[in-house]
Number of protein chains: 2
Amino acid sequence: MDIKQIGEFGFIEQIADRFKSLVPKSIYGIGDDCAIIPANENDDFVVSTDLLIEGVHFLRDKITPFNLGYKSLAVNLSDIAAMGAEPVGAFLSIGIPKDCSSELLDGFTEGFMALSKKYDTPLLGGDTTKSLRDLMINVTVIGKCPKGKALLRSSAKGGDVIAVTGNLGDSAGGLNAILNNIELNSHTKHLIEKHNKPEPQINEGLWLAKQNGVHAMMDISDGIASDLNHILKASEKSAIVDLQKVPVSEILSSIAKKYDWNAAELAVSGGEDYELLLTISGECATSIAQRFYAEFGKPLHIIGEVKAPVEKPIQWISGEEKLPDFKGFNHY
Amino acid sequence: MDIKQIGEFGFIEQIADRFKSLVPKSIYGIGDDCAIIPANENDDFVVSTDLLIEGVHFLRDKITPFNLGYKSLAVNLSDIAAMGAEPVGAFLSIGIPKDCSSELLDGFTEGFMALSKKYDTPLLGGDTTKSLRDLMINVTVIGKCPKGKALLRSSAKGGDVIAVTGNLGDSAGGLNAILNNIELNSHTKHLIEKHNKPEPQINEGLWLAKQNGVHAMMDISDGIASDLNHILKASEKSAIVDLQKVPVSEILSSIAKKYDWNAAELAVSGGEDYELLLTISGECATSIAQRFYAEFGKPLHIIGEVKAPVEKPIQWISGEEKLPDFKGFNHY
């Protein structure tokens, strides 16, 4: 095992093959946002788990305890949303250093509970331990969806359009603002809030999974430059994405201009937006986008097309012009 | 929230009440070894999660990578065993510091996989992240048992006898040997192996759950002085435990004598034995113990009796003599 490759491919993905022979045919294991475990004639359970570590995923003095609790559950619920599933319950493991204040733990609990209530996700169990130095939080979420209806990364078809459920790059802009101690005003605060308190697209995911013509879906955690590759690889396809159509908020555009950031690069490579990335049959796309707007009061943004597989997985364009590649976010 | 009380009561247990109103009646949430989620007409799913942190639960240079992988899954499978359930699959989150060798990750994977194969527990998902300093491992395990048949902590009845599935204290003796750099020989190596590579009592748990007369069950992670209290509190009972009947290995006895350790205290307060602690209807106990011996080739040790609730939850005796209290292990 090459530890330098872990960032690129993930330890879990590297060892997945060695466990494959143990996975029964009825279960879908490693390789999507969630594992899928059949429950009964009508339902599948979906399961996902995410680990957040102080100094890597958050800085204790740069996020409010409330938002830390909210985000810890949100990033997991986002995986449930990506399957088109509804939450059943959550499990929280927390490693607490001695210098953690009781105010932090209270605020964390409040934030976790606020999202828990919002999407009916009861806390069903967990584990508390001491940590020597860093605060660490692992959440496992279980969801439920109609049997065989979970939206997989592997279901994209040639001729599908590629869509996203909201603006991209705000979270990465917020992270930039935090790390560079950018002056706080209503705009930078908005971006930081997007980074520290992402909203899982549970209702959007459930709605989209019910529409005929929605094929592949996943959540945007590393940026579409990286995440779309997962769909394309699993579906054995390629794609064209038009940067002019990738939705960027006016706030991000204006702040990016002010501080000389590349807003397009933040939008496609920044990550942690936790919007949904999906592919839709070309003929259904307009109708679904219209009804999506009617349902949620916000646009479903069509940003590209799925193509037959070619050597280069994503061709980036800007209108008529071909662009060079973007890379996704890598924690290592 | 009082952070000093977290060690005693657990953060999860402290916040459980605040989430209670969100838990549907069909689901059993916080309060046992696993949560119980109904799956279908015949089955319940049970779910548990455990976090292991370097410097708190293990020292990287005092456990082989193989045993660390084995133990990470074992402590979780032990919770599945405690419900009388069979494993369905596991989820592994791992935070890896940069100074982690690829040999460690390979060995870890081998050890995890060895136990995974032994008890048909496929790895179904997980998360890999960087960690700044400490290696951290969170495992969530899902199991399955016949509907309504999971063995709860709250089912102990007056007149039950209290039993354990194996020797207690070896693991705590092994930890003593590790922390005090005791000279390695076949005896101390045996104790250290018991600490570093515990065996989940999956087959024993499944078998016991099928016997009429087995009432309450849990696994022994903190030592019976602490763990038995959970059964007594949940069942609103008290107990008498006879130290002379608590099984202690000859190896622990001899090493304890040599180094002036209190073997009885290690046995009841040491923790991490991952044997099962259960209560059995008095009239069935002898027959079940005999059949347990025939099935597993080892005794089921009867160590005490469940009584009507009194102020002092556990009365420790040694034959006819009354003894003072013992306390369980506390990571804080």
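In this predicted model, helix α3 (residues 65–82) of chain A lies across strands β7 and β9 (276–280) of chain A, and α3 runs at about 170° to β7(A). Helix α7 (residues 202–209) of chain A also packs on the sheet, where α7 touches β7 and β9 of chain A. The direction of α7 makes about 15° with that of β9(A).

The sheet itself is open and built from 7 strands of chain A, with mixed pairing and the order β7-β9-β6-β10-β8-β11-β12. Its edges are formed by β7 (214–219) and β12 (321–322) of chain A, each of which pairs on one side only. Towards the β12 end, strand β11 (residues 314–318) of chain A pairs with β12(A) in the antiparallel sense over 2 bridges. For a closer look at this pairing, Ile317(A) can be followed to its bridge partner in β12(A), Lys322(A).

Turning to the contact between the chains, 63 residues come from chain A and 63 residues from chain B. On the side of chain A that touches chain B, the elements giving two or more residues are the helices α2 (11–19) and α4 (102–118), together with the strands β1 (35–38), β2 (43–53), β3 (86–96), β4 (123–130) and β5 (136–146). This side of chain A comprises 33 nonpolar, 20 polar and 10 charged residues.

How are the two chains related? Chain A is superposed on chain B by a rotation of 180° with 0.0 Å of shift along its axis, at an RMSD of 0.0 Å. This is the relation of a two-fold axis. Both copies use the same surface, as 100% of the contact residues of chain A recur in chain B.

Methods: Residues numbered from 1 in each chain as written. Chains lettered and ligands numbered in written order. Predicted model: local features only at pLDDT ≥ 70, side-chain atom pairs only at ≥ 80, totals over all residues. Contact = placed C-beta atoms within 7 Å. Helix = DSSP H or I, 4+ residues; strand = E, 2+ residues; numbered from the N terminus. Nonpolar A, V, L, I, M, F, W, Y, C, P; charged D, E, K, R; others polar. Least-squares fit on C-alpha atoms with pLDDT ≥ 70 in both. Pairing = 2+ DSSP bridges. Axes fitted to C-alpha atoms, helices over the stretch in contact; angles between N-to-C directions.
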